[in-house]
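Colleague: I would like to learn how to read the features of a structure, one step at a time.

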Amino acid sequence: MSVRDDAAEVHDELVRLRRALHAEPEIGLDLPRTQEKVLAALDGLPLHTTTGRGLSSVTGVLHGARPGPTVLLRADMDALPLTEAVPAAHRSRVDGRMHACGHDLHTAMLVGAARLLAARRDTLAGQIVLMFQPGEEGYDGAGRMLDEGLLDAAGPGAGPPVAAYALHVNSASLPQGLFQTRRGPALAASDRLSVTVRGAGGHGSAPHRAKDPVPAACEMVTALQTFVTRAFDPFDTVVLSVGSFHAGTKSNVIPEQAVFEATVRSFSPAAHARVKDGAVRVCRGIAAAHGLDVDIEYAEQYPVTVNDHAEAEFVARTVAEVHGEERYAWAEQPLTASEDFSRVLDAVPGAMVMLGACPAARDPAHAPYNHSPHAEFDDAVLGDGAALYAELALRRLAAAN
């Protein structure tokens, strides 16, 4: 039987695992129940399995019958702090937590790939590292796994991976079952700008007797929008969005301070460096013009996720040969979302692949997107995702030998 046929055989098992994960979501780097479910699902397979020291990661290594190179496959496992609004029988049982980005599907798919690959161990020349990662949603779980020695997981003499791949499902924008990636930058770098403007409080009827931080903070927000549209090449995109703004307690009280936070996205090293320096300069200049103090924190989070050109081409060929040419499309533009799989791709050539998981009855152009409490992902794609994970590893090892 083919890998795809075998994936169809384990589909129901993957559905049960995905729904168990979905019903009990966990957030951040500490995912004890999720880790427990993954370890149970992998139990009995011929894997060398380890867990993280400072986070609830799981790393499984499948050693082939003969020596050879190493390939890495990644799935993220963490959920988001949202209350689910999808009326499904397997909806989250934990208020304020939801798998709204499809990480439960990724995890089930990689478990499925582990089963498919283990069944073919005798034909393998090399090693396959299975990376089950917590903390993708803003906790840099991938970076922490790298710090704990992920790239050496295959053991002495095996060497670091020659290629790395990750799948990510979308609840909207892509038709169900369509795979998509692109050459070069695939997702944006992500940074966080935090600004506290400090003044002197007073009565709202006498602003001349105070130092009002609110107008200055508002001016900063507006000036930052102008800055990114006037200082950067429109074909080297920078996005800056203020998502949090807090000041004051009552309409007639001028507050002591105003605080706002923004997310900053960019797609090139040059833009990434310039937006950091420029955003800080804009805020400091406005504060000085108003005679106010300002505290600024600019935190670099994830770098640009860059797909290796040859590996992206390899993914496209593999999808076409395994699932059919109609199941693959090149992405014209990168996504402005960000990913800590970028850390892995900074060290290892590889690619991140998107997969449409929109329910068949919904229009992907109008369905709720990832991170929405209404986002819904169809279990129908689980087998195909597992098959692609497995085929990428099998074919890449064969090509490298």
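Colleague: In which helix is Asp 104 found?

Modeller: Helices (H or I, at least four residues) and strands (E, at least two) are DSSP runs, numbered from the N terminus, and Asp 104 is found in helix 4, residues 103-118. This is a predicted model, in which local features need pLDDT of at least 70 and side-chain atom pairs count only at pLDDT 80 or more, while totals for chains, interfaces and linings use all residues. Residues are numbered from 1 along each chain as its sequence is written, and side-chain values use heavy atoms, with hydrogens and water left out.

Colleague: Is Asp 104 buried or exposed?

Modeller: Buried means under 20% relative accessible area, exposed over 50%, and partly exposed in between (1.4 Å probe, protein chains only); Asp 104, with a relative accessible area of 0%, is buried.

Colleague: Which residues is Asp 104 in contact with, leaving aside its neighbours within four places in sequence?

Modeller: Contact means heavy atoms within 4.5 Å, and with those neighbours left aside Asp 104 is in contact with Arg 18, Leu 21, His 22 and His 99.

Colleague: What is the order of the strands in the open sheet?

Modeller: Two strands pair if DSSP finds at least two bridges between them, and the eight strands of this open sheet follow the order 1-2-4-3-5-16-6-15, with mixed pairing. Strand 1 (48-51) and strand 15 (328-330) each have a single partner strand, so one side of each is left without a neighbour in the sheet.

Colleague: How many bridges join strand 3 to strand 5?

Modeller: Strand 3 (residues 66-76) and strand 5 (residues 163-170) run parallel and are joined by four bridges, and Val 71 stands opposite Ala 163 in strand 5.
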